[in-house]
Amino acid sequence: MEMKKHDTSVVLSGVKLDNPVIPASGCFGFGYGMTEFYDINILGSFSFKGTTRDPRFGNPLPRVAECAAGMINSVGLQNPGIDKVISEELPKMRKVYHKPVIANISGFSIDEYVECCEKIDGEEQVAIIELNVSCPNVHGGGMSFGTCCESVAEVVKEVKKVITKPLYVKLTPNVTDIVSIARAAVEAGSDGLCLINTMLGMRIDTRTRRPVIANVMGGFSGPAVFPVAVRMVYQVSKATGVPVMGCGGVQSASDVIEMMMAGATGVQVGAANLRDPYACKNIIEDLPAEMDRLGISSLSEIIGACK
């Protein structure tokens with residue numbers, strides 16, 4: 001019996017991926033730690049750990065709280081800093097992963113974003129720069145860059161001056177109007193968008209009457225946020241027309257296809273990797289059967305199929 005041909009490939013701003021499945025930043029480290037579970041070269045790509053200019057130990061413990069349909073984390077961008085990421089982490093990563101990767105860059109000032117993006121832009125394996133605008137702006141009263149159209153536009157404009165790689169802005173869902181923020185990023189020069197970042201959540205220990213997380217609140221992720229992510233991806237892709245990486249609560253091949261129908265070209269998998277290190281492998285292996293079930297021969301044809 002002739003086997004059906006399944007075209008799972010997608011193209012993100014000129015970067016061809018074998019499939020749309022991309023582990024999200026912060027949930028896959030720099031990749032090499034996952035090689036004990038499977039050959040990570042089956043992935044479309046992955047977004048490596050959020051990187052800042054200076055080394056960061058992260059937030060105080062405890063940093064994680066369980067929820068009925070997800071988790072809350074407040075890790076605090078723990079990373080060795082941009083220079084060590086380039087000199088130590090990326091060479092180790094190159095030995096085990098041989099495809100283009102996505103660099104997630106965070107910052108607490110525009111100067112910091114610009115410096116880190118300019119440095120990472122010179123790394124050959126980095127194909128896309130993902131700008132995390134959920135950090136508090138230390139020069140702007142502590143409000144996240146991503147909650148204000150003007151600050152999103154300003155950081156995108158300045159970063160675009162110093163890079164040659166495609167720029168994707170990772171948007172926070174903790175805003176009243178996601179479309180206006182997305183439009184501001186695109187009008188300022190962003191090549192694509194990634195959404196959603198985590199929502200803001202909190203748990204209380206009812207015995208001690210204190211917050212479970214030392215930082216009181218943290219990023220809420222997992223299957224509970226999936227419908228919010230689908231809604232925002234749908235709104236933003238329709239409003240802007242730029243490529244989108246969808247993220248938030250994805251845990252199955254069916255979720256990947258739903259997210260793509262909403263408008264995503266790439267689909268990031270976050271918290272599912274923390275619960276099951278084989279999550280992305282299983283999703284990739286399940287995609288052909290799900291495509292058969294739905295009569296899909298090419299995944300690129302279903303991007304934005306939901307009208």
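Tutor: Quick ground rule before we start: contact means heavy atoms within 4.5 Å. Helices (H or I, at least four residues) and strands (E, at least two) are DSSP runs, numbered from the N terminus. This is a predicted model, where local features need pLDDT of at least 70 and side-chain atom pairs count only at pLDDT 80 or more, while totals for chains, interfaces and linings use all residues. Residues are numbered from 1 along each chain as its sequence is written, and side-chain values use heavy atoms, with hydrogens and water left out.

Student: OK, helices then. Which residues in H3 do Ile110, Tyr113, Val114 and Cys117 in H2 meet?

Tutor: H2 covers residues 110–121 and H3 covers 149–160. Their axes (lines fitted to C-alpha atoms over the stretch in contact, with angles from 0 to 180 degrees between N-to-C directions) come within 9 Å and cross at roughly 35°. On the H3 side, the residues that meet those four are Glu154, Val155, Glu158 and Val159.

Student: And what are those helices lying on? Which strands does H2 touch as it packs on the sheet?

Tutor: The sheet is an open one of eight strands, with parallel pairing, in the order E3-E16-E15-E10-E9-E8-E7-E4. Two strands count as paired if DSSP finds at least two bridges between them. H3 packs on this sheet too, touching E8 and E9 (167–170). As for H2, its direction makes about 165° with that of E8 (126–132), and the strands it touches are E4, E7 and E8.

Student: What about the rim of that sheet? Which residue in E16 is the bridge partner of Ile22?

Tutor: E3 and E4 stand at the edges with a single partner strand each, so one side of each has no neighbour in the sheet. E3 is joined to E16 (residues 266–269) by three bridges, and the two run parallel. Within that pairing, the partner of Ile22 is Gln268.

Student: Now Ser25. Is Ser25 buried or exposed?

Tutor: Ser25 sits in the loop between E3 (21–23) and E4 (47–51). Leaving aside neighbours within four places in sequence, its contacts include Ser47, Lys49, Asn104 and Gln268. The cut-offs are under 20% relative accessible area for buried, over 50% for exposed and partly exposed in between (1.4 Å probe, protein chains only). Ser25 has a relative accessible area of 15%, so it is buried.

Student: Lys99 next. With which side chain does the side chain of Lys99 make a polar contact?

Tutor: Lys99 is in the loop between H1 (82–96) and E7 (101–105), and at 15% relative accessibility it counts as buried. A polar contact is a pair of N or O atoms within 3.5 Å; within protein, one must be able to donate a hydrogen and the other to accept it, and residues adjacent in sequence count only if both atoms are side-chain atoms. A polar atom of the Lys99 side chain lies 2.8 Å from the backbone oxygen of Leu43. The side-chain partner, at 2.7 Å, is Asp18.

Student: Last one: how long is the polar contact that joins the side chains of Asp191 and Lys160?

Tutor: Asp191 lies in the loop between H4 (178–187) and E10 (192–195), and it counts as partly exposed because its relative accessibility is 28%. Not counting residues up to four places away in sequence, Asp191 touches Ser13, Tyr168 and Pro243, among others, with Lys160 one of them. The side chains of Asp191 and Lys160 are joined by a polar contact of 2.9 Å.
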